[in-house]
Amino acid sequence: MTRGVTVVLGSQWGDEGKGKLVDVLAANVDVCARCAGGNNAGHTIVVPINGVKKTFAFHLLPSGLVNPTCTGLLGNGVVIHLPSFFEELDALESQGLDCTGRLFVSDRAQLVFDFHQIVDGLKEVELGGKSIGTTRKGIGPAYSGKASRSGLRVHHLFEPEIFTQKFRKVVEGRFKRYGHFEYDTEGEILRYKKLAERLKPYVVDSVAYIHKAISSDQRVLVEGANALLLDIDFGTYPFRKTIGVIKAYTTRVGAGPFPTEQLNDVGVHLQEVGREWGTTTGRRRRCGWLDLVVMKHSNLINGYDSLNLTKLDILDQLPEIQVAVKYTLEGKELEGFPADLETLAKVDVEYVTLPGWQSSIEEVRVYDDLPENCKKYIQFIEEYLKVPVEWIGVGPGREAMIQKEVKE
């Protein structure tokens, strides 16, 4: 991988398989930095160690930590639930993954507390049938606190008096908004004083840290969390090279319009064969055909240099494969992906049907060895989006990734 900064972003509704590509790329980078999200994310990485495949589950920590020469950083855009941070770290180290001296946390990162998680559940109850299906990890309420400048950041932990004062004030504000729910404010303050001592060796000024790494000609990999269609706005990422991660079909967790969802045998196949349930929550994901209208919208915003097509092997046994290429409403084609959810819920989808390859590709390691119909599927995606597919996931293991030559 070239020196400088490379960014890996989810291009659909999440769960595209970003962790695997990050793991592959992290073998050749110096720093892997998470830029957003919290422990509501979930990456499962399968790695052979001494001839035995080990499965590592990541929720908050950078996936690149699987590679022993890579340093992990949780940047200031991440929201951190400290008990979960240490629980995950302890679990990884108990599996033999030594993170000593190569994991750091931004002093400007927002903190997630247990009261955020309680509020997350209360907000979902308020929304009723229109709930957005959060993981109830407190991520949304923590970001709300950040936006209103009322949240607490990592550096506040090391100013005990200020931390105590601000913490009490924030909790009282939540009581006024949601009623007096059960919560031990003073016990939580004492708990975080202890957690602060344990966290102290991990804390850095992430802005200075990253700029020092770049000026030292180190290779930096930025690991996006969640995905384009779950972003608060849809942020752009002005970095040197951007790789969009796209699943070979589409999945979504929680409520909300899903135009290509398949509530039929195809949906069952994708869910069961694709093991489509969350690493963090265990919730089953809704499944449907690949939606290139979504991907075109995603690419217009983020300007991908190349794509990582994941879980292509899940389509192995299907005789036909459909791809969404157009949305219409009342017979008229929509120009792009609609901003209004009510409109999105009403669109009709036009598909192109492609022949399947009906053979296993899990052991294929060279692009030219893929079945012809499989290559035609990849080429159709490239031609529609005008973006090359550079990486192709053909199985769950680290080694089951094909790198296809891409012309500069």
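Mentor: Domain 1 (4-106 + 202-223) and domain 3 (246-403) both give residues to the lining of the largest cavity, so this cavity lies between them; the domain bounds come from an automatic or database domain assignment. This is a predicted model, where local features need pLDDT of at least 70 and side-chain atom pairs count only at pLDDT 80 or more, while totals for chains, interfaces and linings use all residues. Residues are numbered from 1 along each chain as its sequence is written, and side-chain values use heavy atoms, with hydrogens and water left out.

Trainee: Which residues line the largest cavity?

Mentor: The lining is made of Lys20, Asp23, Thr44, Ile45, Val46, Pro396, Gly397 and Arg398. A cavity here is a set of points, on a 1 Å grid over the protein atoms alone, where a 1.4 Å probe fits but cannot get out, and lining residues have an atom within 4 Å of a point.

Trainee: And which elements give two or more residues to that lining?

Mentor: Those are α1 (18-26) and β3 (43-49), where helices (H or I, at least four residues) and strands (E, at least two) are DSSP runs numbered from the N terminus. The largest share, 3 residues, comes from β3.

Trainee: What is the volume of the largest cavity?

Mentor: The volume is about 30 Å³, counted as the space filled by probe spheres set on the points, with grid points joined across faces, edges and corners.

Trainee: Changing topic, which residues touch the most other members in the largest nonpolar core?

Mentor: Of its 50 residues, they are Leu307, Leu312, Leu315, Leu370, Tyr377 and Ile392. Such a core is a set of buried Ala, Val, Leu, Ile, Met, Phe, Trp, Tyr and Cys residues joined through side-chain atoms within 4.5 Å, and buried means under 20% relative accessible area, exposed over 50%, partly exposed in between (1.4 Å probe, protein chains only). Helix α11 (residues 372-385) gives the largest share of this core, 6 residues.

Trainee: What is Leu315 in contact with, leaving aside neighbours within four places in sequence?

Mentor: Leu315 is then in contact with Ala248, Tyr249, Leu270, Ile321, Trp357 and Tyr377, contact meaning heavy atoms within 4.5 Å.

Trainee: One more residue, please: is Leu354 buried or exposed?

Mentor: Leu354, which lies in strand β18 (residues 348-355), is buried, with a relative accessible area of 15%.

Notes. On a 1 Å grid over the protein atoms alone, a cavity is a set of points where a 1.4 Å probe fits but cannot get out, and a pocket is an open set with protein on both sides within 12 Å along at least five of seven lines; lining residues have an atom within 4 Å of a point.
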